[in-house]
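Hi,

Here is the structure I promised to pass on to you.

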Amino acid sequence: MAPPASIVIVGAGQGGAMAAAALRSSGYAGALVLVGREPHAPYERPPLSKAILRAVEAEAAAAIHPPAFYAGQDIRLISGMEALALDPARREIRLADGSVLAYDRCLLATGGQARELAALPRGTPNVHYVRTLDDARGLRACLRPGARIVVVGGGFLGLEIASTALDGGADTTIVESAPRLLPNALPAPFSDWLAARAAATGARLCLGTGIASIAWHADGRTPSALVLDSGEALPADAVVVAIGLQPEVGLARDAGLDIDPANGGIRVDAHCRSSDPHVLAIGDCASQHRDFLGRHARLESWQNANEQARVAAAAMLDAEPPLPPYPWFWTDQFGCNIQMLGMPAPGLVYACRGADSPESETPRLIWLGHRDGIPVHGVAVNAAADLRQLRGLFERGIRIDPAGFADAGTALKPWIKACQQAATPA
């Protein structure tokens with residue numbers, strides 16, 4: 001089958017930029033257009049809550065590709081342009097400037113927008129949402145020593161921002177409505193450990209509470225404090241709202257593509273194809289069936305954007321897609337690098353290797369969640385190399401000895417080898 005004459009990628013973030021690169025590296029020589037809403041060339045988002053909040057110099061390092069890459073690869077990059085409409089019948093994308101892009105294949109890598117708190121919408125003075133480079137620049141100016149920063153939301157983004165604010169000397173409080181941090185991503189024991197770690201580094205946590213009201217300065221527009229359900233007022237020089245992501249699916253929905261009612265993402269198959277075979281979707285906006293979860297899900301991660309980019313590129317060229325890797329996530333916060341394999345699921349039993357306290361200067365431990373001895377979910381603190389060694393057990397579904405894993409006196413590499421040998425038929 002002949003390759004498509006033209007491909008248009010809508011969304012110039014991680015997934016879109018990597019898909020364009022994958023198409024060219026696979027030998028695709030047709031017309032290739034990458035359309036981005038932001039005025040910047042594609043950049044990585046993880047540094048927005050960490051390195052870029054600390055220093056302007058980190059911005060250049062966040063670029064996904066060097067500045068000359070797009071011209072050198074004959075990729076037409078259109079920055080600062082909104083895609084207004086997708087017409088599947090005509091196979092066209094209409095842009096905000098009135099121009100129209102024809103396509104044989106269209107890839108939607110539109111990501112999402114930060115969920116807004118109704119009482120503190122985007123644009124409220126001294127209220128910050130961190131989704132874009134410009135958002136991070138605005139917040140960076142507020143993170144000075146002694147500044148009172150209140151972070152609403154104890155998810156990964158909120159915790160990373162709180163950690164960075166503390167590093168800069170700010171007085172930082174985290175408000176989370178759930179009774180513990182990251183209840184959908186971490187086992188309860190590690191969630192409690194992480195909360196203690198955050199407190200040990202200077203953060204104040206207000207868990208299991210909501211915002212009852214907002215106190216305003218005399219101008220009536222700028223919040224001066226957040227009032228909790230308990231009645232306590234938290235003075236704030238700046239409020240950061242980090243309460244999740246709303247997938248950007250307007251183009252797909254208006255074009256009549258299938259939208260997953262459970263998670264709001266564009267429903268795609270194993271090859272990232274939507275209900276229209278000429279339109280694909282990847283990244284934060286895409287809902288794909290996940291065997292390890294037994295359902296469709298959106299995975300908001302750097303790894304997922306990269307992997308789906310490669311799958312979609314192969315699908316658009318009618319090539320065999322790469323096998324999906326075991327899900328992997330990472331975060332840096334409160335002096336710890338935290339790496340995760342898989343996702344939590346009901347009924348898992350966790351074994352912990354290491355017993356470092358949250359107050360340790362450089363704690364090192366791993367929680368391993370298993371079902372009847374089969375590892376499903378792993379969380380490592382400052383132990384990325386160990387978790388990489390364990391990865392094969394997860395991917396092959398090899399039964400383990402939880403007690404042996406938890407025994408820090410047992411060397412990890414021989415233990416892994418013993419598990420593999422036990423799983424090999426004689």
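Glutamate 359 sits in the loop that links strand E24 (349-353) to strand E25 (365-371); strands (E, at least two residues) and helices (H or I, at least four) are DSSP runs numbered from the N terminus. With a relative accessible area of 57%, glutamate 359 is exposed (exposed means over 50%, buried under 20% and partly exposed in between, using a 1.4 Å probe and protein chains only). Leaving aside residues up to four places away in sequence, glutamate 359 touches Arg197 and Ala200 (contact means heavy atoms within 4.5 Å).

A word on the basis of all this: the model is predicted, so local features need pLDDT of at least 70 and side-chain atom pairs count only at pLDDT 80 or more, while totals for chains, interfaces and linings use all residues. Residues are numbered from 1 along each chain as its sequence is written, and side-chain values use heavy atoms, with hydrogens and water left out.

Next, the sheets. Strands E13, E14 and E15 form an open sheet in that order, with antiparallel pairing (two strands pair if DSSP finds at least two bridges between them). E13 (211-216) and E15 (233-235) are the edge strands, each with a single partner, so one side of each has no neighbour in the sheet. From one strand to the next the twist averages 25 degrees. E13 and E14 (residues 223-228) are joined by five bridges, and tryptophan 216 has proline 223 in E14 as its bridge partner.

Aspartate 87 is opposite glutamate 92 in E5. Four residues separate the two strands, and arginine 91 has a positive phi near 55 degrees.

As for helices, the axes of H1 (residues 14-25) and H9 (residues 302-316) come within 8 Å and cross at roughly 40 degrees (axes are lines fitted to C-alpha atoms, for helices over the stretch in contact, and angles run from 0 to 180 degrees between N-to-C directions). The contact includes Met18 and Leu23 of H1, and Trp302 and Met316 of H9.

Finally, an unreviewed UniProt entry places "domain: FAD/NAD(P)-binding" at residues 6-309; such annotations may be inferred rather than shown by experiment. Residues 6-309 are 23% helix and 28% strand, with the end C-alpha atoms 17 Å apart.

Best wishes
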